[in-house]
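Dear colleague,

I am passing on the structure below for you to look over. My notes on what was found follow directly after it.

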Amino acid sequence: VFGRTVICRDIDVATRVARTDGLDCITLEGDQVSKKGGMTGGFYDYRRSKLKFMNIIMQNTMSINKKEEELKGIGLELQNILFLLQLEQKITAFVTEQQQLDAKRVLDKSVLEQHKQDIANANKQKQYTSKALENKRKSLADVQMQIDQLRASMAMKRAEMGTELIDHLTPEEKDLLSRLNPEITDLKEQLINCRSDRIETESRKAELETNLTTNLKRQKQELEAIISAAEADALLDEAESKRQELMDANLLVEDATQQLKRVSDRIDELTKQLRGIKDEKNNLKGLEDAYERTLQDEAKELEQLLSKRSNLLAKQEEYSKKIRELGPLSSDAFETYKRKQIKELQKMLHRCNEQLQQFSHVNKKALDQYVNFTEQREELQKRQAELDSGDEKIKELIEVLDQRKDESIERTFKGVARHFREVFSELVQGGHGHLVMMKKKDGDDDDDDDDGPREADLEGRVEKYIGVKVKVSFTGQGETQSMKQLSGGQKTVVALTLIFAIQRCDPAPFYLFDEIDAALDPQYRTAVGNMANTQFITTTFRPELVKVADHIYGVTHKNRVSRVNVVSKEDALDFIEHDQSHNAE
């Protein structure tokens, strides 16, 4: 039906077909049988199982056959046809519903995968965005710091620009500069006036030259062209008129010539004035160059004075440093030596140096070192206070977490202890047992325990709980016994009780055991097998667990190949009985 998989009516037929034909088989109940063995049981989702619908179809087909046989005797052929049609419609509806469910399941699965992919992409994008945002914030902080530094530098530069250079000059230099400034201002004004007169004269000359070129010379050329083009045989009247026009033109030319002469004279006069202005300008420019050279010389002299001043300030700083190295001075020290001569002061300084050489072994920087060490001590004390405050907060957090941990441990232990009592009563009829949480004081007072000394952690704390003690009574009478007083089988019962108690407190789908009944007595094996609310898989060679098992598998080893086969309960019991008798022999 499905490739090399065959559907069989039951497990026996499936086992026979798998062995004889070498095919994989599956029953209508969902049990599988392969060439290597069979597998039955487990969980099947019949809501989405095609086998379920095939079973429904087969049941409906059988029902149809029965109805047909009943209707044959009656002879109601029309009702039989209508009934068959109704059944076919139901089958079609079932098949259609199955197809819709399959399509919906595929669609939901694809949507779920898409949502998972979208969530993963969104998480990655969020991480990348967070990293980029952190980098941008760091870059913004760096840029803001650079802007603040540039603003501070601009403020300093503006303050320096607001300071006039004159503040660093001597009184003689200031007096000379005050005398030169008015002369420079007057010369600049005269230079500006000369430039404006020159521009006006040049514009007037250009206007006259333009008029002469465009009007008068052109008219003269037109008249000469007319005269040269006149013919000899022209009429006398026309010649007379032309002569009159020529005379008029000559008069105009003479007037224009006179006007041109006057203009030329005016141009010559203006040219002479312009030459005088240029000479005056050159003189002023030379004077300006002289002033500039003077200013450059004064600037060089000012630079020399500034360098001299910086050298004197450096010497002053050096002498101040030497004075500080000498130690504190009295208030009248400067007044005492203020009026003395330099030579006398140098002699006194030489004598003082000779006297100071006698004290060369004394630490002259003791006061400065004391101040530095005092500042370091204050900074360390401040840091110690901060560390102490942080230590107190960390201790408070540790106390809160320890309290929560103890509460969680106690809550979980109470649930496990309650289920331990219930499960032990179910496994051991008439017996009782309980769990006891061992604390520090319990460990100190109990001399029967072999608990060694517990080591404290790094901060000196000691854990509140040191272990769990198990006390049980298998008879229900007398004193309870500890684990050291129990036999091997009883210890196994206690261990299984603890496992099942934890399972009831925090259930797991199933448990896997390996011959847990090897050391148990028969009544305890039966009690373990009757734990109905627990599903577990175990290996056993005892009949008690086989009798209550839901599914039984036999594992055989032949020709270096292991095979798993589904066996019946009778075959399993026979195998166990044969094995026990063989071991007894």
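Strand 1 and strand 2 (residues 24-27) run parallel and are joined by four bridges, where strands are DSSP runs of E of at least two residues, numbered from the N terminus, as helices (H or I, at least four residues) are, and two strands pair if DSSP finds at least two bridges between them. Within this pairing, Val-6 stands opposite Cys-25 in strand 2.

Please bear in mind that this is a predicted model, in which local features need pLDDT of at least 70 and side-chain atom pairs count only at pLDDT 80 or more, while totals for chains, interfaces and linings use all residues. Residues are numbered from 1 along each chain as its sequence is written, and side-chain values use heavy atoms, with hydrogens and water left out.

The two strands belong to an open sheet of four strands with mixed pairing, in the order 1-2-3-4. Its edge strands, each pairing on one side only, are strand 1 (5-8) and strand 4 (37-39).

As for confidence, the chain has a mean pLDDT (the predictor's confidence in each residue, from 0 to 100) of 78, and 82% of its residues reach 70 or more. Over residues 442-462, however, the pLDDT is below 50, although this stretch has 19 contacts (heavy atoms within 4.5 Å) in the model beyond near neighbours in sequence.

Searching the whole structure gave zero disulfides, a disulfide being a pair of cysteine sulfur atoms within 2.5 Å.

Best regards
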